[in-house]
Amino acid sequence: MTNTDWLTLALVVITAFYAWATLKILHANESMVSTMRDQQNAAMRPYILVSATARTGTQLFCLSIKNVGKTAALSLKLSLDRSFYQLGEKRDDRNIANSAAFSRVIDSLPPDGQLLFILGNGPSLLGGSNTEELCPLMFKVTAKYMSGSESISETSIVDLRAYINTIVQTDPIVEELGKLREEFVKLSKSLANKL
């Protein structure tokens with residue numbers, strides 16, 4: 001083999017190496033772009049958060065269904081795995097499973113859109129008099145919805161048992177305003193009696 005042949009062979013080997021390296025870089029870039037696209041979609045899609053909350057300053061429990069995502073949840077269909085009768089009243093109009101939000105498709109729940117349902121007060125739900133048939137302490141809520149062309153289904157477990165033996169959350173400012181209101185009422189009554 002001549003020197004030209006050796007140089008040509010070396011050039012072919014170097015070119016093949018560069019082609020192989022370029023192909024690896026191309027695959028890595030495609031993978032990175034795909035990952036970034038998935039992250040962007042995950043950051044921008046709707047997320048339906050289902051939770052039970054105690055209303056501040058009261059013993060009232062509510063079921064909250066909120067879109068905490070960045071875009072609207074389209075064609076939202078909610079379902080309960082069992083009946084839940086608000087305030088323990090066994091009437092069809094008190095069964096959350098029969099409410100409009102659970103029996104009809106919601107065309108669009110916008111970002112920060114929230115649905116609140118009264119469940120009942122703490123003593124009736126968490127006390128010994130509650131019947132699991134009317135007000136179950138544990139139930140599942142399933143949310144099926146669309147995000148663009150992607151169909152999403154999420155099931156959340158609501159467990160009220162965690163609230164047994166807890167206290168009511170209060171806001172100190174609200175408490176002080178309540179005391180101020182009481183004093184104002186007393187002052188108004190004493191002024192009215194003097195006139």
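Tutor: Buried means under 20% relative accessible area, exposed over 50%, and partly exposed in between, with a 1.4 Å probe and protein chains only. C135 is buried, with a relative accessible area of 3%. This is a predicted model, in which local features need pLDDT of at least 70, side-chain atom pairs count only at pLDDT 80 or more, and totals for chains, interfaces and linings use all residues. Residues are numbered from 1 along each chain as its sequence is written, and side-chain values use heavy atoms, with hydrogens and water left out.

Student: How many disulfides are there?

Tutor: A disulfide is a covalent bond between the sulfur atoms of two cysteines. The rule asks for a pair of cysteine sulfur atoms within 2.5 Å, and the count is 0.

Student: How is a pair of aromatic rings described?

Tutor: By the distance of the centres and the angle of the planes. Rings of Phe, Tyr and Trp (its six-membered ring) pair if their centres lie within 6.5 Å; planes under 30 degrees apart are stacked, over 60 edge-to-face, and the rest tilted. The structure holds 5 aromatic pairs. In one of them, F61 and Y163 have ring centres 5.0 Å apart and planes at 70 degrees, so the pair is edge-to-face.

Student: Is F61 buried or exposed?

Tutor: F61 is buried, at 6% relative accessible area, while Y163 is partly exposed, at 26%. Ring pairs also link F17, Y18 and W20 into a cluster.
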